[in-house]
Amino acid sequence: NKISRFPVIVSSTEQKAYAGINRNRAAKMAKSEYISFIDADDVMHPERLKIIAETIGSQGRPMGVVHGFTYNKIAGDLGTFDTWNSKKFWDYHNKYARSESLNYPKISLHHGHPTYKSSVFEEVKFTNRKRGQDAEMLRNVVDHYRGGVVYIEAPLTGYYKRARIYD
């Protein structure tokens, strides 16, 4: 079962850099078709990678997958949830993501937890901004590929300090 084995690469450096530069470095080292990111101060649902892998397969191998986020307890049972195809997310992006704010209104989405196709990094890179580089990257990917990103409504990650994991 391919979904049960996810390679993990750990890298360290003496060079000081913000998250964006380190994520670009990780993307260069990756040997897989997709790269999934999560922040060090967050936790993920035990089925997160499996759900993302199934979504990639069912949605025609998109350029990226993003999902819901919570500041509350991460539910063990996610129940039913919707997945927006890349056209629906593209339409939403064009309607709501053109403000100065880097946040997407009306949905629970954490920019720091995307899964991107490795080939994305040949054309689009994280910037070295201190804050907001992950949101900027998501916008740049969606704009560059005129969509190509799907959104899973389920909160597959949570903030570690507050989320307390599962039921």
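This is a predicted model: local features need pLDDT of at least 70, side-chain atom pairs count only at pLDDT 80 or more; totals for chains, interfaces and linings use all residues.

User: Why is His67 called buried?

Analyst: Buried means under 20% relative accessible area. His67 comes out at 1%, so it counts as buried. The residue sits in strand S3, which spans residues 64-70.

User: What makes the pair His67 and Arg48 a polar contact?

Analyst: The cut-off for a pair of N or O atoms is 3.5 Å, and the side chains of His67 and Arg48 are 3.0 Å apart at that contact, so the pair qualifies. Setting aside sequence neighbours within four places, His67 is also in contact with other residues, including Ser108, His110, His113 and Tyr151.

User: How do you know that S3 and S6 pair, and in which sense?

Analyst: Pairing takes at least two bridges. S3 and S6 have seven, so they pair, and the sense is parallel. As one example, Gly68 stands opposite Pro155 in S6.

User: What about S4 and S6, how many bridges do they have?

Analyst: Two bridges, in the antiparallel sense. The definition asks for at least two, so S4 (residues 83-84) and S6 pair as well. Trp84 has Tyr151 as its bridge partner in S6. Strand S2 (residues 42-44) is also joined to S6, by three bridges, and runs antiparallel to it. There, Val43 stands opposite Gly158.

User: Why is S6 described as largely enclosed?

Analyst: Eight of its eleven residues are buried, so the rest of the structure largely encloses S6.

User: What puts the buried residues of H1 on the same side?

Analyst: Those residues are Gly20, Arg23, Asn24 and Ala27, in a helix that covers residues 19-29. Around the axis they cover an arc of only 105°, which means they lie on the same side of H1. They pack against strand S1 (34-36) and H4.

User: Which residues touch the most other members of the largest nonpolar core?

Analyst: Phe89, Tyr104 and Tyr116 do, in a core of 24 residues. Helix H3 (86-96), helix H4 (133-144) and strand S6 (149-159) each supply at least two of its residues, and H4 gives the most, with four.

Notes. Residues are numbered from 1 along each chain as its sequence is written. Side-chain values use heavy atoms; hydrogens and water are left out. Buried means under 20% relative accessible area, exposed over 50%, partly exposed in between (1.4 Å probe, protein chains only). A polar contact is a pair of N or O atoms within 3.5 Å; within protein, one must be able to donate a hydrogen and the other to accept it, and residues adjacent in sequence count only if both atoms are side-chain atoms. Contact means heavy atoms within 4.5 Å. A nonpolar core is a set of buried Ala, Val, Leu, Ile, Met, Phe, Trp, Tyr and Cys residues joined through side-chain atoms within 4.5 Å. The arc is that of the directions from the helix axis to the C-beta atoms.
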